[in-house]
Each structure stands twice: as structure tokens, then as C-alpha cells.
Amino acid sequence: MKKVCGRREFIRMHVISGSFLGIAAALTRCDSASRSSGSGEKGPVPEPCEDLSGVSENDRQIREKAAYVTVSPQPEKTCSNCHLYLPPSGGKACGGCMLFKGPVVPSGYCTYWVPSQAG
Ligand code: SF4
């Protein structure tokens, strides 16, 4: 868990600064063996996954800057097959993203989509 938080903070700093260069190289060095691509289910977005009441203004701005949407405009590119996606855990309904805190759904998408290295 501590390793993920460190990676999240690293990535967040690059997004905040407007720089995304180097992230792909950094990610190739990260261990992604423990991650799965989630269910990949399509369908209605669970309501809790749209609740941003516990999300800081900073993370809301990062989410907005990344142009996150709950339904991807590009069906072949969704959060569920993004390398930065964090599948739901601990019985939670929503997944997450390494770029910002707050709920993320498998059907979502943002401009920082990175192909999953699973497979
Ligand atoms: Fe995060 Fe964007 Fe990837 Fe979704 S597509 S997991 S919001 S980086």
C-alpha cells in the first residue's frame, strides 16, 4: 500500500506540473503484477462512484484537468484497461486512479489513459 501511495504522489506531481513525460518510463519500472484489470463491466455507473463529497478541491482540479468522464468516448480505451486504474478493493463499489483520489469506474476515461501492461 505504501508503494502505491508513493507512485500516486509521483504521478500527481507530474500532472499538477503539466508534465507527463517520464511517467511511462517510470511505470515500466513499477511492479504491476499485483494489479488486475477489474471487471470491465459496462453499464450504469453506481451512484457512490459519482460522489465527490470526500474529495479535496486539489484532487477535483486534477480530475477536471485530466477530463475524466464516467463513460469513455473511445470504447477501446477505458479505465478498466488503463495501467493507472486501481480496481475496487475491500468491498468498495468504485475503483480508483493513481492520478487523483476519488471514485473511478471501469467504464471511465481521461486524457492520461495509458495502456495496461497486463496480458
Ligand atoms: Fe485514471 Fe484516466 Fe486511466 Fe481512468 S483512464 S484509470 S482516470 S488515468
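The lining of the largest cavity comprises 13 nonpolar residues, three polar and no charged. Here Ala, Val, Leu, Ile, Met, Phe, Trp, Tyr, Cys and Pro count as nonpolar, Asp, Glu, Lys and Arg as charged, and the others, Gly among them, as polar. The model is predicted, so local features need pLDDT of at least 70 and side-chain atom pairs pLDDT 80 or more, while totals for chains, interfaces and linings use all residues. Residues are numbered from 1 along each chain as its sequence is written, and side-chain values use heavy atoms, without hydrogens and water.

What takes up the space of the largest cavity? That space is taken by the ligand. The shell around the ligand holds 12 nonpolar residues, no polar and no charged. Among the residues surrounding the ligand are Tyr 68, Cys 79, Cys 82, Leu 84 and Trp 113 (each with a heavy atom within 4 Å of it).

Note on methods
On a 1 Å grid over the protein atoms alone, a cavity is a set of points where a 1.4 Å probe fits but cannot get out, and a pocket is an open set with protein on both sides within 12 Å along at least five of seven lines; lining residues have an atom within 4 Å of a point. A molecule sits in a cavity or pocket if more than half of its atoms lie within 2 Å of its grid points.
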